Amino acid sequence: MTDAGFDEWLDAVDDGEGYYLRCPEGHGSLPPRHVCPHCGAPDLDRTPLPATGTIATYTVCYVGGPEFEAETPYATAIAEFGDVRLTGVVRGVDPEDVQVGAPVEARVGTNRETGDDHLTLRTR
């Protein structure tokens, strides 16, 4: 199963050309979108995703769902990248060592169980 808008966005992130959508009012959102979720503006421009974000919050998962069971424990975080927040599995650091405020880069990873691509946050 594919999600054309999201898969296109993941491909852009994987190619180092990540972006977000910005309306004339300055609100940022992630694709796929046809209108701004904050104000309803229909004019959305692709804006380059900042190269680095910072972890705003995280949780360590010790019991994962079937797709992530082989990867436990792992940390999932929400990171701020300018006007948008991204959620992903944190890579490059032990889950117990993840910290709020740590710098991360948006990357694409592949789930070992399903082979599906997903967003990861790679520590710097």
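Leu-119 touches Trp-9, Leu-10, Val-13, Leu-86, Thr-87, Gly-88, Val-89, Ala-106 and Arg-107, with residues up to four places away in sequence not counted. A contact here is a pair of heavy atoms within 4.5 Å. The model is a predicted one, in which local features need pLDDT of at least 70 and side-chain atom pairs count only at pLDDT 80 or more, while totals for chains, interfaces and linings use all residues. Residues are numbered from 1 along each chain as its sequence is written, and side-chain values use heavy atoms, with hydrogens and water left out.

Leu-119 is also among the residues with the most contacts inside the largest nonpolar core, together with Trp-9, Leu-49, Phe-81, Leu-86 and Ala-106; this core has 22 residues. Two or more core residues come from each of α1 (4-14), β1 (19-22), β4, β5 (74-81), β6 (84-91), β7 (103-110) and β8. A nonpolar core is defined as a set of buried Ala, Val, Leu, Ile, Met, Phe, Trp, Tyr and Cys residues joined through side-chain atoms within 4.5 Å. Helices (H or I, at least four residues) and strands (E, at least two) are DSSP runs, numbered from the N terminus.

## The barrel

Five strands form a closed barrel in the order β4-β5-β6-β8-β7, with mixed pairing. From one strand to the next, the twist averages 45°, where axes are lines fitted to C-alpha atoms (for helices, over the stretch in contact) and angles run from 0 to 180 degrees between N-to-C directions.

Strands β4 and β5 run antiparallel and are joined by seven bridges; two strands pair if DSSP finds at least two bridges between them. Val-60 stands opposite Ala-75 in β5.

Thr-47 belongs to strand β3 (residues 45-48). Its relative accessible area is 18%, so Thr-47 is buried (buried is under 20%, exposed over 50% and partly exposed in between, with a 1.4 Å probe and protein chains only). Beyond its neighbours within four places in sequence, Thr-47 is in contact with Gly-18, Tyr-19, Tyr-20 and Arg-22.

Ala-51 lies in the loop between β3 and β4 (53-61) and, at 62% relative accessibility, counts as exposed. Leaving aside neighbours within four places in sequence, Ala-51 is in contact with Phe-81, Val-104 and Glu-105. Ala-51 and Thr-123 are 72 residues apart in sequence, and their C-alpha atoms are 12 Å apart in space.

## Confidence

The protein chain has a mean pLDDT (the predictor's confidence in each residue, from 0 to 100) of 90, and 93% of its residues reach 70 or more. Confidence is highest in β4, at a mean of 97, and lowest in strand β8 (residues 117-123), at 84.
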